[in-house]
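Please open the structure in your viewer and keep the selection tool at hand. The stops below each give something to select and then say what is there.

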Amino acid sequence: MANGGIIGPTQTVDIQNEKVTAVTATGCFTAQPLTTSIDVAVVAGGGSGRRDQGGGGGAGGIIYVPGYPISGGGTAPVVIGGGGARVTATPNCGNPGNNSTFGPSPAVITANGGGAGGPYPGQSPANAGRPGGSGGGAGARSVPAGATGGTSTQSPWPGGTSTIYGNAGGDGAPSPSDGPGGAPGEFSGGGGGAGGAGDSGFPIPGDGGAGQSLTPFFGCGIPNCGSYGGGGAGGRGQGPTNGAPGGSGAGGAGADAGCNTGSGGGGGDGFPSPAGVNGGGGGSGIVLVKEPEIKNAPGVWSMNEVYDNVKAGTWTN
């Protein structure tokens, strides 16, 4: 067929718009027909805070992988990790968050669940916050020198380039410690957040670490205003102040974290005595996927066809 003096088949331009998908439940992701690679962020479930003078729960780990390969129209399995369950009894510590994953083995991307908030003294094991994607905060009145917050266990994707987000939880206050005005202060550390470490529980209950914004990677249309993985606040013991506010995406002391935020739950206060306050549950995770805009212009083109497509905005370089 004639194309302005060039002999050959009639050519067409294949167009596929950029698309961002938020996966909030376990299942499968299906790519658009022209997609060959995607950008993926995997957010794990956050840990819960321990009740009654407990440390704040650590945020779920976050891992971002640009250029993850996938065939057009292909699928990838997705597991959304649940947050650590709200603590309504008096166990040794809070509950860890669960892992979130994307993709098939051996190319699976794994974000580690958040660490549990550490316990009050006398519980076993010791008062330290538990490790996780971000570590849980240490429990109150950490005898004698103050227990440490849990460490971050988040590791990079072994299949290629990735960026990870996870931090340690805050330390618990040593005993005796002084709160405002010299009053006794039995304060727990805040859980670690994806964007920063949890604060120490001295001289007031520790704030949870800040969350991490993923808006630069996926734009402004994603859930939760684009911020994920705030650490849970530490609970108070016998001190005169209220629990500190949680980090970004998390509640204050004893509060549950929001669904699909990957944030840690707040540690419970020691008041009212003797029962204390329940620890907050961790938030479930989420997976974000961005498919790039695709424009395919194969074959040989006449100058008229190039001009028409450039003018219409359908030409690709």
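This is a predicted model: local features need pLDDT of at least 70, side-chain atom pairs count only at pLDDT 80 or more; totals for chains, interfaces and linings use all residues.

Residues are numbered from 1 along each chain as its sequence is written, and side-chain values use heavy atoms, with hydrogens and water left out.

**Paired strands**

Begin by selecting residues 37-43, strand S6, together with residues 62-69, strand S7, which pair in the antiparallel sense over six bridges. Strands here are DSSP runs of E with at least two residues, helices are runs of H or I with at least four, both numbered from the N terminus, and two strands pair if DSSP finds at least two bridges between them. Within this pair, Ser37 stands opposite Pro69 of S7.

**The cores**

Next select Phe102, Ile109 and Val287, the residues with the most contacts inside the largest nonpolar core, which has 20 residues. A nonpolar core is a set of buried Ala, Val, Leu, Ile, Met, Phe, Trp, Tyr and Cys residues joined through side-chain atoms within 4.5 Å, where buried means under 20% relative accessible area, exposed means over 50% and partly exposed lies in between, with a 1.4 Å probe and protein chains only. Strands S6, S7, S8, S10 and S14 each give two or more residues to this core. Apart from this core lies another, of twelve residues, among them Ala41, Tyr64, Tyr165 and Tyr228.

Stay with Val287 and display its surroundings: leaving aside neighbours within four places in sequence, its contacts (heavy atoms within 4.5 Å) include Val23, Val40, Val78 and Phe102.

**A buried charge**

Now select Asp39, which lies in strand S6. What is the nearest side chain of opposite charge to Asp39? That side chain is Lys290, 4.2 Å away, and Asp39 is buried yet has no salt bridge; in this count Lys and Arg are positive and Asp and Glu negative, while His and the chain ends are not counted. The side chain of Asp39 also reaches the backbone nitrogen of Gly67 at 2.9 Å.

**The salt bridge**

A search of the whole structure finds one salt bridge, meaning a side-chain nitrogen of Lys or Arg within 4 Å of a carboxyl oxygen of Asp or Glu. Select Asp256 and Arg86, whose side chains meet in a salt bridge at 2.8 Å, N to O. Asp256 lies in the loop between S13 and S14 and Arg86 in the loop between S8 and S9, so the pair ties together parts that are 170 residues apart in sequence. Asp256 is partly exposed at 44% relative accessibility, and Arg86 is partly exposed at 35%.

**Backbone details**

Move to Pro106, in the loop between strand S9 and strand S10, where the peptide bond from Ser105 to Pro106 is cis, with omega near 5°. Finally, select Asn224, in the loop between helix H1 and strand S13, which has a positive phi of about 60° although it is not a glycine. Cys225 lies in the loop between H1 and S13 as well, with a positive phi near 60°; Asn224 is partly exposed at 31% relative accessibility, whereas Cys225 is exposed at 74%.

Technical notes
A polar contact is a pair of N or O atoms within 3.5 Å; within protein, one must be able to donate a hydrogen and the other to accept it, and residues adjacent in sequence count only if both atoms are side-chain atoms.
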